[in-house]
Amino acid sequence: MATKDGLPFDASDIEGVLLDISGVLYDSNESGGTAIQGSVEAVKRLKESKYQVRFCTNESQHIRSDLVERLQRLGFNLSVSEVFSPAPAACQIVQERGLTPHLLVDDRVLPEFASLQHQPGRAADCVVIGDAVDKLTYKSMNDAFRVLIGCERPILISLGIGKYYKEEDRLMLDVGPFTKALEYAVGCEAEVVGKPSPTFFRAALKDMGVESEKAIMIGDDIVNDVGGAQKCGMRGIQVRTGKFRPSDENHPVVKNLAEAVNRLLS
């Protein structure tokens with residue numbers, strides 16, 4: 001049952017809002033992307049309101065500074081410190097465990113791993129896989145497989161686990177299917193860094209100083225955004241933009257970010 005503000009739950013106690021980026025704020029394309037109607041103003045209104053706001057993305061083709069610069073050119077008001085993405089979190093895991101990674105990631109995201117100390121002669125003992133686009137070939141996947149199969153305890157770290165995403169008017173394979181192929185071949189289970197991992201969501205919540213039951217996630221992915229948020233104790237709203245599919249209509253949805261913000265602030 002909808003409340004007086006049109007949301008499928010009582011949002012009167014909400015203190016923090018997490019926003020997906022691609023498919024919610026903007027649609028990506030080779031020329032830099034286009035802002036989704038009303039999203040620039042919606043972000044501005046949210047940040048001027050009582051709510052804490054952070055941006056949670058599984059983007060693994062660009063470093064955060066490049067992504068933020070792209071969004072700022074479209075008119076969005078946000079900073080790198082407000083953006084949570086998988087690559088920095090994966091880098092921290094690798095450092096803390098003293099691992100030597102085999103990186104199967106987009107070249108544009110390699111700077112996020114620049115702090116890792118290379119030790120000549122030391123063989124890779126884990127694989128980090130992201131949305132490496134054209135680098136995801138038979139050879140690169142087989143190289144990653146050989147690293148994993150050669151480990152006594154294979155460690156596969158996946159930057160997200162999405163099935164697909166939207167670019168321009170096309171749906172594109174995401175990192176998830178490639179991660180699942182390696183899991184199947186090696187007989188291991190990947191450690192997912194990014195949505196829908198509860199650890200990833202909790203890092204953003206901790207940064208806001210907001211408890212999960214007082215936060216809401218707005219995204220275009222029913223599994224990784226909404227489902228992941230709900231499993232973490234948050235509430236979730238799906239927008240009909242980005243990768244939204246008609247089959248998702250069975251869940252709480254709104255037209256776009258602008259409508260979600262209108263309802264939150266009403």
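User: What should I keep in mind about numbering and confidence here?
Analyst: Residues are numbered from 1 along each chain as its sequence is written, and side-chain values use heavy atoms, with hydrogens and water left out. Because the model is predicted, local features need pLDDT of at least 70 and side-chain atom pairs count only at pLDDT 80 or more, whereas totals for chains, interfaces and linings use all residues.

User: What makes β9 and β10 a strand pair?
Analyst: Strands are DSSP runs of E with at least two residues, helices are runs of H or I with at least four, and both are numbered from the N terminus; two strands pair if DSSP finds at least two bridges between them. Strand β9 (residues 164-167) and strand β10 (residues 170-173) are joined by four bridges in the antiparallel sense, and in one of these Tyr 165 has Met 172 of β10 as its partner. Two residues stand between the strands of this hairpin, where Glu 168 takes a positive phi near 55 degrees.

User: Why is Lys 243 said to lie over the face of Tyr 164?
Analyst: A charge sits over a ring if NZ of Lys or CZ of Arg is within 6 Å of the ring centre and within 35 degrees of the ring normal. Lys 243 is at 5.6 Å from the ring centre of Tyr 164 and lies over its face, so the description applies.

User: Why are β6 and β11 called edge strands?
Analyst: The open sheet has four strands in the order β6-β7-β8-β11, paired in parallel. Its edge strands, β6 (101-104) and β11 (191-193), each pair on one side only. Within this sheet, three bridges join β7 (residues 126-129) to β8 (residues 156-159), with Ile 129 partnered by Ser 158 of β8.

User: Why is α4 called oblique to α5?
Analyst: Axes are lines fitted to C-alpha atoms, for helices over the stretch in contact, with angles from 0 to 180 degrees between N-to-C directions. Angles under 35 degrees count as roughly parallel, over 145 as roughly antiparallel, 65 to 115 as roughly perpendicular and the rest as oblique. The axes of α4 (residues 138-149) and α5 (residues 176-186) come within 10 Å and cross at roughly 40 degrees, which means that α4 is oblique to α5. Contact, meaning heavy atoms within 4.5 Å, is made by residues including Met 141 and Phe 145 of α4 and Phe 178 and Leu 182 of α5.
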